[in-house]
Amino acid sequence: MSSRSELSLPVRYADTDAQGHLYFANYLVYADEVSGFYMEELGLSAMNPQQAPCFIFTVNLNCSYLDECKAFDTVRVYVGYTR
C-alpha cells in the first residue's frame, strides 16, 4: 500500500480566471479529485465510506505555489494519508 499518490492533470480552460491563470481555489478541487483516485487505488470507495476500516479525515491541506499555471498546462498533484 503506497503512502501517497500522484497524478498529472491538464489545466482545463473552464478552471481558469479572466487572465487565463488557474483560479487559486481550483488547486484544491484538483487535490480532491486526485484523493478520490487515491482512495480507489487503496481499494476504498469514495461513494461508500462505510467500507473503510477507519474514519478518513482531511485535517491539514497544503498547497505550494511553484509557478503560474495557465490553461492547457499540466499540474502534478500529490496526495497522501498518514495515521
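**A tour from Y78 to the cysteines**

Start by selecting Y78, which counts as partly exposed because its relative accessibility is 40% (buried is under 20% relative accessible area, exposed over 50%, partly exposed in between, with a 1.4 Å probe and protein chains only). This is a predicted model, in which local features need pLDDT of at least 70 and side-chain atom pairs count only at pLDDT 80 or more, while totals for chains, interfaces and linings use all residues. Residues are numbered from 1 along each chain as its sequence is written, and side-chain values use heavy atoms, with hydrogens and water left out.

Y78 sits in strand β2. Helices (H or I, at least four residues) and strands (E, at least two) are DSSP runs, numbered from the N terminus. Now show the contacts of Y78: leaving aside residues up to four places away in sequence, Y78 touches R4, S5 and E6 (contact means heavy atoms within 4.5 Å).

Next, go to F72, in the loop between α1 (26–41) and β2 (74–80). F72 counts as exposed because its relative accessibility is 66%. Check its backbone: phi of F72 is near 75 degrees, a positive value in a residue other than glycine. Most residues other than glycine have a negative phi.

Last, select C69, which counts as buried because its relative accessibility is 14%. Which cysteine sulfur is closest to that of C69? The closest is in C63, at 9.1 Å, too far for a bond. The structure holds 0 disulfides (a disulfide is a pair of cysteine sulfur atoms within 2.5 Å).
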